[in-house]
Amino acid sequence: MKPNILLVEDEEAIALPLRDRLHNAGYAIEIASDGLIALERASTAAFQLILLDIQLPGKNGIDICRDLRQRGIQTPILMLTAFGETTDKILGLKIGADDYLTKPFDQAELLARIEALLRRATPPPSTMLSFGPIRIDSRAAQVFFKGQPVPLSAREFQLLCYFAANPGKLLSREELLRDVWSYDPGVSTRTVDVHVGWLRQKFEEDPKQPQLFITRIGLGYLFLPPDADIVKTT
Ligand code: CA
């Protein structure tokens with residue numbers, strides 16, 4: 001089956017050649033040129049990936065991204081930012097986008113990023129895992145905390161799943177970069193720290209006093225779920 005991509009872009013000069021290129025690369029493409037229509041389509045139809053422009057009529061890309069994550073929709077989002085919109089990039093990643101590319105971008109670069117995101121988003125075969133208050137439905141890519149669904153970006157989800165697969169094991173930042181980010185050249189160990197910080201915000205009672213995602217200074221991180229059969233020695 002062809003992966004289905006929603007291309008949210010209001011400039012035809014960008015959208016139409018991109019549609020043709022992605023179509024030739026084997027993807028099914030739907031274009032939305034208005035922010036409200038894009039939000040509606042992304043909320044109701046099944047896409048494997050969303051390419052999201054920021055400046056749009058109707059509703060901007062940042063708000064669309066935030067609304068989708070708040071609705072629990074985990075479709076990977078690649079933001080297309082205009083040159084110099086650094087604040088938008090950071091904000092985009094913070095509210096749940098998975099990657100971004102600055103315009104004008106090379107189409108080959110975009111295709112590589114799309115492939116990488118689709119590869120990472122492939123859910124693992126197992127289905128339900130529970131760690132104290134955290135429940136992970138890996139097949140549906142849904143995570144619950146104390147019974148409530150928690151919106152996560154695709155990367156946060158991947159990172160959480162990686163921790164969950166290795167409870168009580170010291171994981172170095174390099175290992176996380178290798179296995180969760182596939183050594184994406186745009187990513188540094190700082191990105192790992194930022195994502196762990198976001199998981200703490202979402203799952204720790206007190207993110208400043210983490211009990212689940214523990215830092216081992218100079219070494220890496222340790223996931224210590226409360227019901228894991230592990231002796232906690234800090
Ligand atoms: Ca635009």
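This note sets out numbered remarks on the structure.

1. Basis. The model is predicted, so that local features need pLDDT of at least 70 and side-chain atom pairs count only at pLDDT 80 or more, while totals for chains, interfaces and linings use all residues. Residues are numbered from 1 along each chain as its sequence is written, and side-chain values use heavy atoms, with hydrogens and water left out.

2. Domains. The protein chain is divided into domain 1 (4–121) and domain 2 (128–233), with bounds that come from an automatic or database domain assignment. The C-alpha centres of domain 1 and domain 2 lie 26 Å apart. In contact (heavy atoms within 4.5 Å) are 14 residues of domain 1 and 14 residues of domain 2.

3. Calcium site. Asp10 (OD), Asp53 (OD) and Gln55 (O) coordinate the calcium ion at 2.2 to 2.3 Å. Donors are N, O and S atoms within 2.8 Å of the metal (3.2 Å for Na, K and Ca); water is not among the atoms, so sites may look incomplete. The sequence spacing of the donor residues is D-x42-D-x1-Q. Asp53 has 4% relative accessibility and therefore counts as buried; buried means under 20% relative accessible area, exposed over 50%, and partly exposed in between (1.4 Å probe, protein chains only).

4. Four strands form an open sheet in the order 6-7-8-9, with antiparallel pairing. Strand 6 (128–131) and strand 9 (148–149) are the edge strands, each pairing on one side only. Here strands (E, at least two residues) and helices (H or I, at least four residues) are DSSP runs, numbered from the N terminus, and two strands pair if DSSP finds at least two bridges between them. Strand 8 (residues 142–145) pairs with strand 9 over two bridges; Phe145 has Gln148 of strand 9 as its bridge partner.

5. Helix 8. This helix (residues 189–203) has 15 residues, which at 1.5 Å a residue should span 21 Å, and its end C-alpha atoms are 21 Å apart, in agreement. The expected span is 1.5 Å times one less than the number of residues. The buried residues of helix 8 are Val192, His195, Val196, Trp198, Leu199, Arg200 and Phe203. As a general point, an α-helix has 3.6 residues a turn, so residues three or four places apart point the same way.

6. Gln70. This residue lies in helix 3 (residues 61–70) and is exposed, because its relative accessible area is 58%. The C-alpha atoms of Gln70 and Ile95 are separated by 9.4 Å, and the two residues are 25 residues apart along the chain.
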